[in-house]
Amino acid sequence: DIATEPRPIKKLDKTLINRIAAGEIIHRPASALKELIENSLDAGSTSIKVTVRDGGLKLLQIQDNGCGIRKSDLPILAERFTTSKLSTFSDLARIATYGFRGEALASISHVARLSVVTKTKNDACAWKAYYVDGALSSNKPGRSPEPEPCAGNDGTTIIVENLFYNTPTRLSALRNNSDEYAKILDVMTKYAVHNPKISFLCKKAGSPSPELTTPPNLDIPQAIGLLYGHSIAKELLHNTVSSSSSPGDDMDVDSEEGSDTLSGSWSADIYFTNPNYQAKKFNFLLFINHRLVESPRMKRALEAAYHSILPKSASPFVYLSLNIDPKCVDVNVHPTKREVHFLDEEGITEKICNAVQASLSTQAASRSYEYQT
Ligand code: ADP
Ligand code: MG
């Protein structure tokens, strides 16, 4: 209804504000899992095990063998803007785009039941803590909210239960548990390719066999083979490009003035299929500064690079890991957006696509030579 008289402006309730903010970061079980995997990786884990019930809506549990969390840090663990990963303003510029500045666990605690079991190597036992709306809470009426001692291995287990229990509209939008589980597996599969030295496991609660499992100490082609199949792995090409690498002989590069100082330093590691592999859908894995992101522009450019090489209806598989000087990442993009922008995006994209095309045409040439002889 439209107001005829101005109504008083009131401040929203703090819990409501936090819940809205949390909903912007945690869209679905897979987005919570992505944050939790990154935390486990940041903690130096070599093993990450995920257990899921009802597509992650009932239960999403992630167990790692990383450095653990000190007991004295547990009271502020799930508060907003508490982090062990940045302290200075220059750190902020670096983290702001790809991290969540201490917001992930806080957000989860506002839209789910969060509990944490953690043990550092110096602790005699593990500690278990429960969180609601950013603060320690007791799990039973009359009990103290203080962390409880318990048995446990070195590392951290984060347990997320009843996701979106307090935001029914969000919950009702996510009715299909198997879709949510597929998204969880997709995120894990991609992180497992990007971190082939680390062993990953993902299973449904109560199920004897995991849907995803990798041994430790693979290399990237092995991980791709294991996770995406031999038909991709056997047709893989590899190339690296960086801001300092010289352009290919036959490439016409308009060297824009100062474009190198503008873009800062960057390097790209690319694994991509040769024309023997022809999929229906383009499978593109993009990591920028070790964070799984999306870049429609990069995707389109790579598709175009294959255009003259693959039949019209066929698509490749491409895994691209791009490391860019953090100060060149566009900080105007909100951190919750998976889509990223960086300085000299066009120049970097072009150099990468040229390298891909060069490898593909070299391969095509050697092939026709093979057939001729
Ligand atoms: P951020 O990762 O941006 O710091 P989070 O809310 O994701 O924010 O985590 C807050 C802090 O909790 C981290 O900085 C880290 O110190 C600690 N933490 C979270 N998960 C883990 C984990 N799996 N192992 C060790 N420490 C963790
Ligand atoms: Mg985090």
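Select Gln63 first: Thr157 of β7 stands opposite this residue. You are looking at a predicted model.

**The strands around β7**

Show β2 (59-64) and β7 (155-161). These two strands pair in the antiparallel sense, over five bridges.

How many of the seven residues of β7 are buried? Five are, so β7 is largely enclosed by the rest of the structure.

**Helix α2**

Next, select residues 29-42, which form helix α2. Check the length with a distance between the end C-alpha atoms: they are 20 Å apart. At 1.5 Å a residue, 14 residues should span 20 Å, so the two agree.

Colour the buried ones: Pro29, Ala30, Ala32, Leu33, Lys34, Glu35, Leu36, Ile37, Asn39 and Ser40. An α-helix has 3.6 residues a turn, so residues three or four places apart point the same way.

What covers the buried residues of α2? The cover includes β1 (47-53), β2, α4 (104-111), β7, α6 (177-194) and β13 (291-292). Two strands from your opening stop, β2 and β7, are in that list.

Step just past the end of α2 to Gly44. This residue takes a positive phi of about 75 degrees.

**Ligand 1**

Centre the view on ligand 1. There are 22 residues around the ligand, and Asn39, Ala43, Thr83, Ser84 and Ala104 come nearest. Which elements give two or more residues to this shell? They are α2 and α4. Colour the shell by class: eight residues are nonpolar, nine are polar and five are charged.

**Out to Ser72**

Now go to Ser72, in the loop between β2 and α3 (89-96).

**The whole chain**

Zoom out. The chain has eleven helices and 14 strands. Of its 373 residues, 33% are buried. Among contacts with a separation of 6 or more, 72% join residues 24 or more positions apart.

How values were computed. Residues numbered from 1 in each chain as written. Chains lettered and ligands numbered in written order. Predicted model: local features only at pLDDT ≥ 70, side-chain atom pairs only at ≥ 80, totals over all residues. Helix = DSSP H or I, 4+ residues; strand = E, 2+ residues; numbered from the N terminus. Expected span 1.5 Å × (residues − 1). Buried ≥ 20, exposed ≤ 12 C-beta atoms within 10 Å, placed from the backbone. Contact = placed C-beta atoms within 7 Å. Near = placed C-beta within 6 Å. Nonpolar A, V, L, I, M, F, W, Y, C, P; charged D, E, K, R; others polar. Pairing = 2+ DSSP bridges.
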